[in-house]
Amino acid sequence: MGKATGFLDFQRRTNTAEPPLERLAHFNEFHAPMDGEARREQAARCMECGVPFCQAAAVLNGMVSGCPLHNLIPEWNDLLYSGDLQHAFARLRKTSNFPEFTGRVCPALCEVACTNGLNGEATSIKENELFLIETAWENGWMTPRPPKVRSGKHVAVVGSGPSGLACADQLNHRGHTVTVFEREDRIGGLLMYGIPNMKLEKRVIDRRVNLMREEGVRFETSVDVGKDRSAASLLEEFDAVVLCCGASNPRDLQVQGREANGVYFAVDFLKSTTKSLLNSNLADHSYIDPKGKHVIIIGGGDTGNDCVGTCLRHGCASVKQLEMMPKAPDSRAEHNPWPEWPRISKTDYGQEEAIAVTGTDPRIYQTTVTELFTDEAGNLKSVKTVQLGKDLKPIAGTEQMMECDILLIAAGFLGCQSYVAEAFDVALTPRTVVETEAGKYAASVPGVFTAGDMHRGQSLVVWAINEGRAAAREVDEYLMGYTNLP
């Protein structure tokens with residue numbers, strides 16, 4: 001696939017990022033796409049490896065390596081290299097509902113598994129994918145494809161994140177009439193309010209949602225199913241209901257002083273900025289404002305990094321990111337060989353920006369907060385931290401006081417908020433996700449299904465899309481007695 005010697009002839013190149021200090025002046029995406037010829041060279045690096053691990057989604061040592069959507073990566077890389085962009089896009093579209101989302105926010109499990117990565121640098125699969133979908137939009141190939149025949153069946157999808165949108169997209173193209181219910185004021189779920197504009201501009205979501213509307217999908221916003229709309233009414237009106245409400249129950253911090261003013265969950269903080277940005281370009285000042293304040297973020301993952309970048313754009317006085325775990329190695333350890341997921345340290349955009357501003361990495365490893373301190377008005381002013389050993393137990397004598405006006409909790413999620421599941425009377429597992437048979441999507445109540453993080457727990461956008469597609473197949477078979485959905 002591609003050019004036989006492409007991986008030898010061309011070095012890996014990626015889209016150029018705007019310098020950190022410059023991009024801090026705005027909340028827009030900051031990577032400039034390559035021109036078509038340069039992108040062809042990158043596609044040429046896809047080699048005839050015989051076994052394309054990139055599309056396998058194989059579980060190796062407890063972690064997945066390769067694309068969960070089983071994208072036909074060698075095929076569309078070869079077509080991109082040969083210049084047949086429309087055919088390349090058609091092969092991409094066959095397995096992926098929203099390449100414009102995964103091409104921006106996916107951690108690229110495909111590239112981790114690329115055979116080039118065994119002795120060199122992986123093919124730039126993620127950016128090739130993004131190039132194809134954006135080329136399709138620019139050239140008018142993304143036109144509405146409403147089904148020619150309707151089945152007469154009606155399906156409700158509760159939640160409009162990536163799993164809900166993928167499920168709705170598949171079922172609509174099958175001919176079922178789909179209505180998506182979203183409790184927020186905009187469609188997109190995690191994509192809209194959980195991922196900052198710098199990583200995913202919201203015009204990208206709106207563009208796709210508008211296309212889905214033209215294809216016949218119905219969207220109802222500001223409808224909180226289980227509160228504004230009863231489960232009984234949905235079960236009476238629709239032939240099937242799919243619950244795609246995400247893992248939106250954040251893990252809290254259990255320490256003395258937790259009730260202090262100035263403590264927020266990370267997603268609430270990010271949501272406030274995005275909503276204000278979309279409503280008024282921040283002019284309404286209705287967001288949680290870290291300007292001039294000392295911020296500490298608990299959690300070293302992607303959400304914590306997003307908080308770092310957002311705080312810096314607002315002009316915080318300082319920002320630190322606490323991580324309980326030790327720093328991962330900078331390169332693969334011997335016991336973590338290719339094509340396993342690499343357990344290595346990475347410096348993401350927010351951390352790059354903090355280093356550019358302060359000269360130091362904002363991350364502090366093997367450290368956690370043990371107590372919060374306030375002023376007389378109850379406003380957070382400082383926190384006590386302690387270092388942790390490799391067993392994650394506190395090390396005596398390592399306590400330290402740190403100035404802190406805002407504390408953001410980015411410690412992950414425990415599962416779904418239970419009120420929707422309770423409204424439909426579906427069973428939950430001890431992990432507070434909807435219970436189903438292994439590998440299935442039907443809940444304990446007939447006609448009710450689930451997908452995405454509400455089904456598998458906190459995970460990646462690409463897995464949510466995979467879940468939405470798989471749930472759609474099961475719903476279709478339930479409604480029709482068979483399914484021909486891919």
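**Entry 1: cavities.** My rule, on a 1 Å grid over the protein atoms alone: a cavity is a set of points where a 1.4 Å probe fits but cannot get out, a pocket is an open set with protein on both sides within 12 Å along at least five of seven lines, and lining residues have an atom within 4 Å of a point. Grid points are joined across faces, edges and corners, and a volume is the space filled by probe spheres set on the points.

A note on the source: this is a predicted model, where local features need pLDDT of at least 70, side-chain atom pairs count only at pLDDT 80 or more, and totals for chains, interfaces and linings use all residues. Residues are numbered from 1 along each chain as its sequence is written, and side-chain values use heavy atoms, with hydrogens and water left out.

The largest cavity has a volume of about 110 Å³. It is lined by 15 residues, with Cys-67, Asn-71, Cys-106, Cys-110 and Glu-129 closest to its centre. Helix H4 (73-82), helix H7 (109-112) and H8 each give two or more residues to this lining, and H8 gives the most, with three. Helices (H or I, at least four residues) and strands (E, at least two) are DSSP runs, numbered from the N terminus. I sorted the lining into eleven nonpolar, two polar and two charged residues. For these classes, Ala, Val, Leu, Ile, Met, Phe, Trp, Tyr, Cys and Pro count as nonpolar, Asp, Glu, Lys and Arg as charged, and the others, Gly among them, as polar.

The second largest cavity holds about 90 Å³. Of its 14 lining residues, Cys-46, Cys-49, Cys-54, Cys-114 and Thr-115 are closest to the centre. Its lining has ten nonpolar, four polar and no charged residues.

Entry 2: Next I looked up the second largest pocket, with about 340 Å³ of space. Among its 21 lining residues, Arg-93, Lys-94, Arg-145, Gln-170 and His-173 lie nearest the centre. Helices H5 (85-95), H9 (162-174) and H11 (202-214) each give two or more residues to the lining. By class I find eight nonpolar, five polar and eight charged residues.

**Entry 3: helix H11.** Does the length of H11 agree with its 13 residues or disagree? At 1.5 Å a residue (times one less than the number of residues), H11 should span 18 Å, and its end C-alpha atoms are 19 Å apart, which agrees. Its buried residues (under 20% relative accessible area; exposed is over 50%, partly exposed in between; 1.4 Å probe, protein chains only) include Lys-202, Arg-207 and Arg-208. Just after H11, Gly-216 takes a positive phi of about 115 degrees.

**Entry 4: strand E8.** Both faces of E8 (residues 240-243) are covered, with Ala-240 and Val-242 buried on one side and Val-241 and Leu-243 on the other. E8 runs parallel to E5 (residues 154-158), joined by four bridges. Leu-243 is the bridge partner of Val-158, and Thr-450 in E19 is also a bridge partner of Leu-243.

Entry 5: I noted a cis peptide bond between Trp-338 and Pro-339, with omega about 0 degrees. Ala-108 has a positive phi of about 65 degrees although it is not a glycine, and it is buried at 7% relative accessible area. Leu-392 also has a positive phi, near 65 degrees, but is partly exposed at 33%.

Conventions
Two strands pair if DSSP finds at least two bridges between them.
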